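Here are my notes on this model, as numbered points. Please read them with the coordinates open.

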Amino acid sequence: MTRSTPAPEHVQQLSGASVRGSDGEHVGRVRDIYLTDATGELAAITVTVGRLRGRAVLLPAVAIAPGSLTELFSTPSPHITLVVDAAAARAGDPPPPTAHADPQTLRRAARALGIEEAPRA
């Protein structure tokens, strides 16, 4: 899976977007956006799950379904679709305590979702 690089005007569209699992069920809403420092590529999003307790989960970019961001930016339907079902996404790792998600944290978050990121060439 390739990561997408949202244009600066699109990054703001990610904030608050609805997130759905591969099963179509609502997971939550995007709270935070993590970009790779060197390239500006989307690295991960933090999604707020549940209304009463507001628990957050870290979803690495590899968890976002291919083409989902393109749809978000080009259609009026403001949702992101994942490659994992909603239950798996809700059970994901919490975000880091700082505003920085290093590669090890992203790999751990992907493994918590049952995703093994393909090695980079």
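1. Core first. The largest nonpolar core holds 26 residues, and Val19, Ile45, Leu59 and Ile80 touch the most other members. The elements that give two or more residues to this core are β2, β3, β4, α2 (68-74) and α3 (86-90). The top contributor is β3, with four residues. Apart from this core lies another, of seven residues; Tyr34, Ala43, Ala101 and Ala109 are among them. Keep in mind throughout that the model is predicted.

2. Isoleucine 80. What does isoleucine 80 contact, once neighbours within four places in sequence are left aside? The set is Leu14, Ala17, Ser18, Val19, Arg20, Val30, Ile45, Ile64, Ser68, Leu69 and Leu72. Two of the core residues named above, Val19 and Ile45, also touch the most other members, and both are in contact with isoleucine 80.

3. Overall make-up. The chain has four helices and five strands. Read from the N terminus, the elements run α-β-β-β-β-α-β-α-α. Of its 121 residues, 40% count as buried. Take the contacts between residues at least 6 apart in sequence: 52% of them join residues at least 24 apart. The accessible surface is about 6,900 Å², and carbon and sulfur atoms account for 52% of that.

4. The sheet. Five strands form an open sheet in the order β4-β3-β2-β1-β5, and the pairing is mixed. At the edges stand β4 (55-60) and β5 (79-81); each has a single partner strand, so one side of each is left without a neighbour in the sheet. From one strand to the next, the twist averages 40 degrees.

5. The β2-β3 pair. Strands β2 (residues 26-35) and β3 (residues 42-49) run antiparallel and are joined by six bridges. They form a hairpin with six residues between them. Glycine 40, in the turn, has a positive phi of about 80 degrees. Leucine 35 stands opposite leucine 42 of β3. Arginine 29 has threonine 48 of β3 as its bridge partner.

6. The β3-β4 pair. Here too the strands run antiparallel, with six bridges between β3 and β4. Valine 47 stands opposite valine 57 in β4. Threonine 48 stands opposite alanine 56 in β4. Threonine 48 therefore has a partner on either side: arginine 29 and alanine 56, given that bridges between strands define the pairing.

7. Cover on β3 and β4. Seven of the eight residues of β3 are buried, and the strand is mostly covered. Helix α4 (residues 103-112) lies across β3 and β4 and runs at about 100 degrees to β4.

8. Threonine 46. This residue is found in strand β3. Its relative accessibility is 0%, so threonine 46 counts as buried. Its side chain joins that of tyrosine 34 in a polar contact of 3.5 Å. Not counting residues up to four places away in sequence, threonine 46 touches Arg29, Val30, Arg31, Asp32, Tyr34, Ala56, Val57, Leu58 and Pro95.

9. Serine 18. Serine 18 lies in strand β1 (residues 18-20). Why does serine 18 count as buried? Its relative accessibility is 9%, and the cut-off is under 20%. The serine 18 side chain makes a polar contact of 3.1 Å with the side chain of histidine 26. Beyond four places in sequence, serine 18 is in contact with His26, Gly28, Arg29, Pro78, His79 and Ile80.

10. Glycine 24. Where is glycine 24? Its place is in the loop between β1 and β2. Glycine 24 has a relative accessible area of 45%, so this residue is partly exposed. The C-alpha atoms of glycine 24 and alanine 86 are separated by 7.7 Å, while the two residues are 62 apart along the chain.

Conventions:
Residues numbered from 1 in each chain as written. Predicted model: local features only at pLDDT ≥ 70, side-chain atom pairs only at ≥ 80, totals over all residues. Heavy atoms only, no water. Pairing = 2+ DSSP bridges. Axes fitted to C-alpha atoms, helices over the stretch in contact; angles between N-to-C directions. Contact = heavy atoms within 4.5 Å. Buried < 20%, exposed > 50% of the residue type's maximum accessible area, 1.4 Å probe, protein only. Polar contact = N/O pair within 3.5 Å; in protein donor to acceptor, adjacent residues only side chain to side chain. Core = buried A, V, L, I, M, F, W, Y, C linked by side-chain atoms within 4.5 Å. Areas by Shrake-Rupley, 256 points an atom, 1.4 Å probe, with all protein chains shown as cover.
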